[in-house]
Amino acid sequence: MIQYLDLKQVNAPYEEKLKQALTGVVDSGWYLFGQEVEQWSRDWKFYVNTRYCVPVSNGLDALRLVLEAWIELGLMKPGDEVIVPANTYIASILAVSDARLTPVFAEPDSETYLLTAEGVRKAITPKTKAILPVHLYGQTCEMEEIMAVAREYNLKVLEDAAQSHGSVLKMKDGSVRKSGSIGDAGAFSFYPSKNLGALGDAGAVCTDDESLAVTVQQLANYGASRKYVHIFKGENCRMDEMQAACLRVKLDDLDRVNRRRKAIAERYLREIKNDRITLPVCRTDSVWHIFPVLCPQRDALQDYLRGEGIMTQIHYPIPPHRQGAYRELQELHLPVTVKIAHEELSIPCNQCMSEAEVTKVIEVINRF
Ligand SMILES: *Cc1c(COP(=O)(O)O)cnc(C)c1O
């Protein structure tokens with residue numbers, strides 16, 4: 001059987017090093033605010049290429065803390081609007097609501113499934129204060145165009161890079177930037193199944209803005225500016241030493257993992273040929289956290305693949321505006337988003353797959 005993603009297999013190549021790293025933490029007697037988290041912060045900001053990195057508890061907290069920090073810094077206030085892609089994972093939107101801001105949904109591009117500058121423009125109102133582009137499925141959004149709109153309307157930009165560790169953008173001036181380093185801040189998740197996953201929950205905020213980094217750090221640690229001095233009503237959103245130690249082991253291999261995913265995706269794009277299936281379009285760069293195909297007979301395709309021993313997933317079956325949590329938004333007319341939710345199927349695309357397995361997926365899909 002071809003699993004969608006088997007985390008035991010994902011972590012098998014690092015087993016010895018992970019055990020050593022974890023033993024090191026146990027032996028150190030130091031479990032929070034230690035050398036592992038400090039070194040991880042340096043390693044990750046070096047990889048993403050930002051001036052600051054604040055390690056935090058998970059991806060949702062990373063997103064939310066940035067928005068809350070902007071409120072504390074006086075740049076926005078509760079009730080202000082944040083533009084989000086309507087087809088994202090619920091966490092991007094929960095972050096906005098949790099920060100007492102108002103999510104405003106923009107339809108994604110019908111080929112890349114990503115938020116576009118044009119979609120942002122249509123959603124702007126006098127209350128808009130920020131844009132939250134999501135590099136969904138691992139593909140970098142058209143950030144230069146989105147940043148231009150942000151400058152025009154004086155909006156903050158928070159990148160949700162929870163699915164795009166290491167994806168890049170070739171800028172018009174010839175430079176190359178990593179996703180999560182292009183907007184005012186980037187939020188990462190290291191949930192175990194992400195391209196770079198911890199052995200539990202973890203996340204990070206990356207930014208070049210010193211006051212934002214300091215405020216996020218303080219909010220994440222009880223709002224303390226130093227021990228027992230609390231300048232904000234903060235929270236506890238810290239990354240622990242165990243997760244940092246595991247991430248440091250796995251970071252060395254991230255570029256290889258991404259290259260392997262890209263090679264598989266390239267074969268899918270070249271070799272899957274079936275009139276009933278629409279392949280994704282990649283206009284920038286993708287690290288293929290998810291390889292999404294669209295098919296009007298999606299459920300039949302999923303059953304057929306399961307029967308052939310190929311496991312798949314759906315990202316995501318119910319769009320946020322059709323969730324009970326956002327019932328006040330259920331009347332929104334979002335046809336592209338609804339079509340993606342009805343037709344999307346994620347086929348296996350990860351570094352654990354052999355070439356023969358990739359070939360089997362292609363052959364089986366072409367016979368559907
Ligand atoms: C995984 C994910 C998150 C949330 O990350 P957690 O670490 O699970 O809180 C946010 N946004 C997107 C797009 C994600 O895929």
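Modeller: By class, Ala, Val, Leu, Ile, Met, Phe, Trp, Tyr, Cys and Pro count as nonpolar, Asp, Glu, Lys and Arg as charged, and the others, including Gly, as polar. This is a predicted model, with residues numbered from 1 along each chain as its sequence is written. Local features need pLDDT of at least 70 and side-chain atom pairs 80 or more, totals for chains, interfaces and linings use all residues, and side-chain values use heavy atoms, without hydrogens and water.

Biologist: How many cavities of 30 Å³ or more are there?

Modeller: The whole structure has two of them. A cavity is a set of points on a 1 Å grid over the protein atoms alone where a 1.4 Å probe fits but cannot get out; a pocket is an open set with protein on both sides within 12 Å along at least five of seven lines, and lining residues have an atom within 4 Å of a point. Points join across faces, edges and corners, and a volume is the space filled by probe spheres set on them.

Biologist: What lines the largest cavity?

Modeller: Its volume is about 80 Å³. There are 16 lining residues, and Val10, Lys194, Asn195, Lys250 and Gln351 are the closest to the centre. Two or more residues come from each of helix 1 (7–11) and helix 10 (254–271), where helices (H or I, at least four residues) and strands (E, at least two) are DSSP runs numbered from the N terminus. Helix 10 contributes the most, three residues.

Biologist: And how does that lining divide by class?

Modeller: Eight residues are nonpolar, four polar and four charged.

Biologist: Now the pockets. Which residues lie nearest the centre of the largest pocket?

Modeller: Tyr191, Ser193, Lys194, His289 and Tyr316 do, out of 32 lining residues. This largest pocket holds about 600 Å³, and its lining comprises 17 nonpolar, 11 polar and four charged residues.

Biologist: Which helix gives the most to it?

Modeller: Helix 4, with three residues. Helix 4 (59–72) and helix 5 (90–98) each supply at least two.

Biologist: What about the second largest pocket?

Modeller: The second largest pocket has about 360 Å³ of space. Of its 20 lining residues, Val37, Cys53, Val54, Pro55 and Gln217 lie nearest the centre. Helix 3 (35–48), strand 1 and helix 8 (210–219) each give two or more residues, and helix 3 gives the most, five. The classes here are 11 nonpolar, four polar and five charged.

Biologist: Why is strand 1 largely enclosed?

Modeller: Strand 1 (residues 52–56) is largely enclosed by the rest of the structure because four of its five residues are buried, meaning under 20% relative accessible area with a 1.4 Å probe, protein chains only.

Biologist: Which strand does strand 1 pair with?

Modeller: Strand 1 pairs with strand 9 (residues 203–207), antiparallel, over five bridges; pairing requires at least two DSSP bridges. Val54, one of the residues nearest the centre of the second largest pocket, has Val205 in strand 9 as its bridge partner.

Biologist: Which strands run parallel to strand 4?

Modeller: Strand 2 (residues 81–85) is joined to strand 4 (residues 128–131) in parallel by three bridges, with Ile83 opposite Ile131. Strand 5 (residues 156–160) also runs parallel to strand 4, through two bridges, and there Lys156 is the bridge partner of Ala130.

Terms used: Buried < 20%, exposed > 50% of the residue type's maximum accessible area, 1.4 Å probe, protein only.
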